Structures are given as structure tokens and as C-alpha cells.
Amino acid sequence: DALLADLESRVTEAQGATRAMVIHGNGPCFSAGLDLGEHRAREPTEVFWHSRGWHRVFRAIRTGRVPAVAAIHGACVGGGLELAAACHIRVADETALFALPEGTRGIFVGGGASVHVSRLLGLGRMTDMMLTGRALDAVAAERAGLVTYLTPPGEHVARAGEVAGKVAAMAPLTVLGILGALPRIAGMAEEDGLFVESLMAALAQTAPESTAGLTAFIEKRAPKAGT
């Protein structure tokens, strides 16, 4: 709980101070997830509101204005996997291991996995992981679409920084479309999605950053940062 509160504070700070952020673990792993000792003898309403608190923190990452890159090594399990799924891009080194052990402990996911991890992995694979305790290594996670970039051991943070640097150089309206419109379009009917796509294109492609970027392309120059 203390870690989540601190994470929420730092995410809020980053949203107003930067154009991309990297979330990574210190020590032997990215995140071993929930402290099960905190959950013994809790009432159902306490667990419900605790879960909603996780949703609030991870929503601040997922729907905020700043793209988040997760740099993952070692264990990324339970709540740690839910945190990684809240990020927009996931970079993992070859030591990373992904699991959802809640089912084998007689509990259920509560940090958004049933929606966000399921969408990344697919319902069938997530069902298997929860029913059997199966873990995915980094190679299998990349093959399944959970990991976006795979690196040798120890190179995940540097690679995530490179990715974040590229993201930070993008035009703000394009980022808004990718973070805000794209996830909503995925859940829309075809014609509604295409309509929103056209609106987003009209906004992004008439912004000053777009004009400068297209001019640079035509003149065979590299675009400046932020364009």
C-alpha cells in the first residue's frame, strides 16, 4: 500500500514535468506483486476498495498524458504484471518471468489484470496462467505479445530509456491520439472508430508540429524533437 501511494505521487509528478517516463524495479526483480500478508483478515468491502485503489493508480499511468515504458527484469508477477500492463510499452531483459499466481493462492486478481493483462495475452492464455500457475519466460512473453522489446540481461533500463527518448520527441497531438483515441477506437463499432480516427487525423495533421515534420520529410531533413 505504501509503495502504491508513493508510485501515485511520482506518476502525478511525472505527468506535469516530462514527456515520457520509465518505470523499473530496483533489486532482484521488477515487482513480486502484492504483499499477501496485508490481506489476511480483511473484510470483503475492504478488499473491494483496496482493489479500486490499485485501479486508480494504474489508470493514472494508463490514461495520463505521458507515455509510460516499463523496464522489466526478474519476477513480474501478480500486481507487478498488472503494473507492467498499465504501461504503454514493455521492455524486458532475458531474466524476466511473468505469472499470475493469485488463483493458486485462492484469491483473484484485483489490479486490473482481468481487463488489461487479458487484452494483451488473450483470455485463453490468461485463464491457463491463473488456473495452473503457469509462468511465461521473457521469450514466451514476447511471442505472446506481452513484451514489446527483449534485451540481454541488464540492458532493459537503457533500452527503455532509448524508447522513452523517441516517444518524448513525438508531436503532442499525435501522442494524445495514440494514448487517448486509439484505446477507445479499439472498443468502438467500425464506423464509430473510423469517424474518431478521421477527427484525430484532422487535429494532428493540421498542428504546427505536423507541418514542420512533413516539411522536413519533403526536404529530406530529419525532424526536430517534438515534431
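Colleague: What makes you speak of a kink at G180 in α8?

Modeller: This is a predicted model, and in it α8 bends by about 30° at G180. The bend is the angle between axes fitted to the seven residues ending there and the seven starting there, so that is the angle behind the word.

Colleague: Why is A70 called buried?

Modeller: Buried means under 20% relative accessible area. A70 comes out at 0%, so it qualifies. A70 sits in strand β2 and touches I23, F30, A84, C87, I89, R90 and V91, leaving out residues up to four places away in sequence.

Colleague: How far from A70 is M21, in sequence and in space?

Modeller: They are 49 residues apart in sequence, with 8.6 Å between their C-alphas.

Colleague: Which residues touch the most other members of the largest nonpolar core?

Modeller: Among them are F30 and F58, in a core of 40 residues. The element giving the most to this core is α3, with 5 residues. F58 itself contacts L4, L7, G79, E82, L83, A86 and G111, setting aside neighbours within four places in sequence. There is also a second, separate core of 9 residues, including A20, V69, A71 and A160.

Methods. Residues numbered from 1 in each chain as written. Predicted model: local features only at pLDDT ≥ 70, side-chain atom pairs only at ≥ 80, totals over all residues. Heavy atoms only, no water. Helix = DSSP H or I, 4+ residues; strand = E, 2+ residues; numbered from the N terminus. Core = buried A, V, L, I, M, F, W, Y, C linked by side-chain atoms within 4.5 Å. Buried < 20%, exposed > 50% of the residue type's maximum accessible area, 1.4 Å probe, protein only. Contact = heavy atoms within 4.5 Å.
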